[in-house]
Amino acid sequence: MLEKGKISAFQMGVMMYPTIIATAILSLPATMATYAHNDLWLSPIWASFAGFLTVYVSHRLHQYYPQQTLIEYSCQIVGLIPGKLIGFLYCFLYLMWTGQIVRNYAEFVVGAFLFNTPIVVVIASMILVCVFAVRGGIEVIGRAALLFMPLFVLPLCLMVLLLLPDLDWQNFFPVLENGIVPSLKGAVVPHIWLGEFWLTAFLFPLLADSSKGRKWGMLSVLAVTITMIATNLFSLFLFGSDVSSMLYPLMIASRYVSIADFFENLESVVMAVWVLGAFVKISVFFYVIVLGSAQLMEVTDYRPLVWPIGFLIVLFSFWGIPNMIVFNYLDETSLPYYGFFMQILLPLLLLLIAKLRNKPQRMKSAA
Amino acid sequence: MKRILLTLLMMSLLFLGGCWDRTEINDLAIITGAAIDAADDNQIELSVQVFIPRALSAGRGSTSSGGNLTLVKSAKGASIADAIALLQTKIPRKIFWGHCEVFIFGEDMAKRGIAEEMDFLVRHPQPRERAYMFVSKGKAAKTLELRPELERYSSEVIREMSDMHIGMLVTIIQLKEMLRGKSNAAALPLIDVMPPPNEAKGLETAPYIMGTAVFRKGKMVGEINEKATRGVMWIRGEVERYTVTAKLKNVQGTVSLNPIHSDIKFIPSIRNGQWQMTIKAKTEGDVVQNGTNLDMSNPEMIKLVEKAFQQDIEDRIELALKQVQHEMKADIFDFATDFYREYPQEWKAAKNNWDEIFPNVKVITDIHAYVRRPGLVTLPGGIPEEEVREK
Amino acid sequence: MRWGVTLGVTLLVLLIILFELPALRQKPLRDKIAFFSLLLCGWVLAQFDLPNMAGPVTWLNELFKPWGNLMKK
């Protein structure tokens, strides 16, 4: 095993929460509103099935190959060459996605706050910080996540509380105006975010108490789902059906806070919170790429790969994405479909083959 | 080796201090209010009220009645964004919208249409979503030039007034919702300038909220006065501190009440193709003045007052409906959304004809008014006991 | 070729190499190859005008577009 450090299952659950939520609450409410209109609160529920499924699949595979990550056991399941190919696909996919996540974070920061700062500076400084976290190993990331968790969640809760007087519960109705289909359509894009729980396939072998891994994984999915429902309802109550036209509904909500004429303009708090969340998210993805490619190339230490891969992430955050409009367009036209293939279909296929391969063995040992 | 690299890294911190977006407060021209007027050739004229920080520190105490704390600059352009670019060439500091809490459309501008300019206000990252929107009688820019006596500058005056819910209160986000909403209509508070006490004090006066401007499809189609605005606000459930003075039947004098709590419910219904809206209102208040000879400790008498109270609100609502629903045909009460929520299927079929349906929606008012407390005295305060009517 | 970018990227790559070299010396050849090949990939990619050329996301988009259009209908 390349990673000497261990994290607890609870730490993994906490780590996964901002890993999903950090970008999910940024622009997803608007995406869901585009398709589901005022049933947007239902979409995360449909999408959560993807989350529960991936955690289940990755845990089952973990039971078959307790000490190995996805990269290693895929070689055992489908043979050396196809296994390496699958490993490469995942490393490449996460490299690409991390690039997009960093870009998304940076576009948000530049588009809403630091208007004159060159975007490459925002991206590079974030990657720089993440490089140090990733070089520190999984324990450092796990602890950082634990530390930042309250800082990430509390301000969001506070914001909801402060905006309670401005919420209009009536926007909830009519429920299921056009049947269930719009809310299902709204779930197509967010299911990728929930499917990102497939990252646990890399994290389960690192757990000190892997027996609790599934429990905390599932709880984390649940927490993510609830948070997404809450933010969706919140933006719906605040902005009505107009949510879909906003790029960052929650940021606008934070600007709308005004208590007693002086407690206002909270967007800088939201910004700080998002930087924390994005840091955890990028670090986790980054770490998984580094660990995955180290195992793929069978080197003795993953640390030397951190800088080169960090550099590649910066490049991937630009490659093929000329502007924010294309970025959002890609999110809706192709991402959900290849994401579905990589996060749902391929894992299921792997599990199926693993089951067939391991069946006789298990019967033998039982006998 | 490592030490050199570390030093290099630390030195790079010097350059990573976020210098690109460094803004010092004394490089900013803080805008406290903006007015958008129509100009010739389909252009607009943007006027901004810029806060002068120096005046605040130097003039404290000495200039009691509205020493110039602000200055007004204006520029013409094809749109707000275009006008700002021109305006910036006239102001030595960078224009900053983050504290602009008041936007005023001139009457001509409102009649021409505000949709194009609204886009700037919601798209540009600086204007605050909670800024208040107004329409001014005549030219909007003149409002900004006033030097009010009580507040520091004129945009503060109308903002404070809105906060008291004297007229309607509409923020950018709410206006956006109205314009993009199902009813296709919007309403903004209408302001005017109080006539100055005498000629010499030309600018030392203040704006006030005189009514409501009614919009249909993003264009101002009419205005309603203060009295009808009350009715609109009753229907929209926005009335807060406003005294209702009612005339009682067969009794001399009037009774005034302070409504302290009101609760409005819309119940839409469609029966045999007749669209109907029931407005249920429940309100309660305290007596603050009793100009009649009625005994306020007598439950019978209170009933009479309640009835008059009820009648007065009904009259106001009817007045508002008459003007807004039947004359301007603008659904500023957002009945459309209520029908949509209750009857999504019927709404889908009818939404393209809403403009024709709305004026024919039958409105039924069901108002219950209650007097909760008689105030500090029971009997009329100014007449001898023999004249008090007990029955 | 944009010489400024090439120079900057080369400098960055050299810095990374300098930073890692002491630790990398003791590692087997395989590790060194992996490290340098990844860096080389980055260096080569950085020479292009990445935002304005087709990338993996664009190719994937071409491949999966029919599905996306199906959803929008």
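In this predicted model, A:Ile180 is placed in the loop that runs between helix H6 (138-163) and helix H7 (181-186) of chain A, helices being DSSP runs of H or I of at least four residues, numbered from the N terminus. With a relative accessibility of 40%, A:Ile180 counts as partly exposed, a class lying between buried (under 20% relative accessible area) and exposed (over 50%; 1.4 Å probe, protein chains only). Together with A:Phe173, A:Val175, A:Leu176, A:Val181 and A:Leu184, A:Ile180 forms a nonpolar surface patch with about 470 Å² of accessible area; such patches join nonpolar side chains within 5 Å, from residues with over 30% relative accessible area and no salt bridge (Lys or Arg side-chain nitrogen within 4 Å of an Asp or Glu carboxyl oxygen), with areas from the Shrake-Rupley method and a 1.4 Å probe.

Beyond its neighbours within four places in sequence, A:Phe286 is in contact with residues including A:Thr98, A:Ile127, A:Val306 and A:Ile313, contact meaning heavy atoms within 4.5 Å.

Residues are numbered from 1 along each chain as its sequence is written, and chains are lettered from A in the order in which they are written. Local features need pLDDT of at least 70 and side-chain atom pairs count only at pLDDT 80 or more, whereas totals for chains, interfaces and linings use all residues, and side-chain values use heavy atoms, without hydrogens and water.

Definitions and conventions:
Patch = residues over 30% accessible without salt bridge, like charges linked within 9 Å, V, L, I, M, F, W, Y side chains within 5 Å. Helix = DSSP H or I, 4+ residues; strand = E, 2+ residues; numbered from the N terminus.
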